[in-house]
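Open the structure in your viewer and keep the selection tool handy. We'll go stop by stop, with something to select at each one.

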Amino acid sequence: MDKSYPTQVIGIASGKGGAGKTTVSINLAVSLAMRGNKVMLLDADLGLANAQIALGVHAPLNISHVLRGEQRLQDIIVQASSGVRLVPGASGVRDMASLDTSQIAGVIQAFDTLQDSVDYLVVDVAAGIAPAVVEFMAACQRRFVVVCDQPSSIADAYGLIKVMATEEDLDEIYLVPNMVSGQQEGRHLYRRMNDVCNRFLGVSVHHLHSIEADELVLQALRKYQSVLEFAPGSAAARDFRLLADAIMQLPPVTQASGRQQFFMERMLRLT
Ligand SMILES: Nc1ncnc2c1ncn2[C@@H]1O[C@H](COP(=O)(O)OP(=O)(O)OP(=O)(O)O)[C@@H](O)[C@H]1O
Ligand SMILES: [Mg+2]
């Protein structure tokens with residue numbers, strides 16, 4: 001990617017838990033890295049099944065150490081699969097509230113210096129539509145909403161889109177249908193949801209590629225690997241590669257200045 005553009009920050013959310021945010025975050029990050037991009041994955045989902053576990057990396061330090069001023073950002077980053085660099089999340093992120101201004105400035109600066117060496121920053125955001133989730137998504141250039149073809153997942157994805165589009169006035173929202181039987185079902189799900197968004201919210205959402213339901217995803221997880229590495233010939237691996245290809249075709253979102261700095265500033269306010 002041409003580094004005259006800023007790091008492209010992609011937020012992955014879903015509304016409903018268990019729709020596949022972590023799976024999509026990890027495998028998308030690995031696919032983008034396999035295509036020659038410099039990729040960083042930020043685990044902003046503070047639940048249990050986190051990116052560290054799924055990628056089989058051991059991270060003794062995490063973002064809370066940086067936020068407390070005990071470590072530098074570059075020292076907590078762990079190298080994961082296929083060159084993806086992981087910024088481990090932490091459940092102690094509330095500590096951010098106790099930082100003083102100079103500590104906060106230090107963290108922002110640290111993220112900012114990484115800018116040069118990252119093409120894509122993928123953010124695994126938590127489930128739900130809490131203000132923190134929406135804040136994280138607002139700080140990303142592109143917002144991916146993972147959705148399964150089930151009423152509760154569709155309802156929660158719609159709820160998230162509604163908050164992002166109407167309350168925060170956010171665009172660049174993409175649906176990622178997951179665990180579908182094939183591209184046709186994914187497209188159909190996208191069209192249904194886009195119609196509803198158009199009719200009731202007056203906004204359009206985008207769609208690039210859907211991810212098939214594939215039992216090898218679960219097998220890969222049990223081996224602490226991405227499905228790209230565990231089963232490169234699988235349907236899911238193919239879909240993640242095609243999703244990554246489609247993302248690389250998109251024009252970079254360029255912001256006037258320091259969008260990643262903006263990202264970090266917002267993150268620090270989530271206390
Ligand atoms: N395309 C797929 N095919 C088969 N299984 C999948 C697929 N995507 C996700 N899964 C499985 O569904 C489960 C939930 O996925 P995942 O943990 O990625 O969801 P999540 O949205 O991150 O959940 P949480 O809200 O708990 O963070 C996992 O067991 C995962 O292996
Ligand atoms: Mg998750």
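How are H7 and H8 set relative to each other? Before you select them, some ground rules: this is a predicted model, in which local features need pLDDT of at least 70 and side-chain atom pairs count only at pLDDT 80 or more, while totals for chains, interfaces and linings use all residues. Residues are numbered from 1 along each chain as its sequence is written, chains are lettered from A and ligands numbered from 1 in the order in which they are written, and side-chain values use heavy atoms, with hydrogens and water left out.

**Stop 1: H7 and H8**

Select residues 151-167 for helix H7 and residues 183-201 for helix H8. Helices here are DSSP runs (H or I, at least four residues), strands are too (E, at least two), and both are numbered from the N terminus. The two helices pack at an angle of about 45°, and their axes are 11 Å apart. Axes are lines fitted to C-alpha atoms, for helices over the stretch in contact, and angles run from 0 to 180 degrees between N-to-C directions. So H7 and H8 are oblique to each other; under 35 degrees would count as roughly parallel, over 145 as roughly antiparallel, and 65 to 115 as roughly perpendicular, with the rest oblique. Their crossing is right-handed, the term for a near helix turned clockwise from the far one by less than a right angle (anticlockwise is left-handed).

Now show side chains. From H7, pick Ile 154, Ala 157, Tyr 158, Ile 161, Lys 162 and Thr 166; they meet Leu 189, Arg 192, Met 193, Val 196, Cys 197, Phe 200 and Leu 201 of H8. Contact means heavy atoms within 4.5 Å. Sorted by class, this contact has ten nonpolar, one polar and two charged residues. Ala, Val, Leu, Ile, Met, Phe, Trp, Tyr, Cys and Pro count as nonpolar, Asp, Glu, Lys and Arg as charged, and the others, Gly among them, as polar.

**Stop 2: along H7**

Stay on H7 and try the distance tool. Its 17 residues should span 24 Å at 1.5 Å a residue, and the end C-alpha atoms are 23 Å apart, which agrees; the expected span is 1.5 Å times one less than the number of residues. Next, colour the buried residues of H7: Ser 153, Ile 154, Ala 157, Gly 159, Leu 160, Ile 161, Val 163, Met 164 and Ala 165. Buried means under 20% relative accessible area, exposed over 50%, and partly exposed in between (1.4 Å probe, protein chains only). These buried residues pack against strand E1 (8-13), H6, strand E6 (142-147), E7 and H8.

Zoom in on Val 163, which is buried at 14% relative accessibility. Leaving out residues up to four places away in sequence, Val 163 touches Ile 129, Val 134 and Glu 168. Ile 129 is 34 residues from Val 163 in sequence, yet their C-alpha atoms are 7.8 Å apart.

**Stop 3: H6**

Select residues 131-138, helix H6: six of its eight residues are buried, so H6 is largely enclosed by the rest of the structure. Look for Val 133, Val 134, Glu 135, Phe 136, Met 137 and Ala 138.

**Stop 4: the loop, then E7**

Most residues other than glycine have a negative phi. Just after H7, Asp 169 takes a positive phi of about 60°. Glu 172, in the loop between H7 and E7, also has a positive phi, of about 55°.

Carry on to Val 176 in strand E7 (residues 173-180). With 1% relative accessibility, Val 176 counts as buried. Beyond its neighbours within four places in sequence, Val 176 is in contact with residues including Phe 144, His 209 and Leu 243. Leu 243 sits 67 residues away in sequence and 9.1 Å away in space, C-alpha to C-alpha.

**Stop 5: H11 and H1**

Leu 243 is one of the buried residues of H11. Select helix H11 (residues 235-249) with helix H1 (residues 21-34): they pack at an angle of about 65°, with axes 9 Å apart. That makes H1 roughly perpendicular to H11. Among the residues making the contact are Val 24 and Leu 28 of H1, and Phe 240 and Leu 243 of H11.

**Last stop: the whole protein**

Zoom out. The protein has twelve helices and nine strands, and 55% of its 271 residues count as buried.
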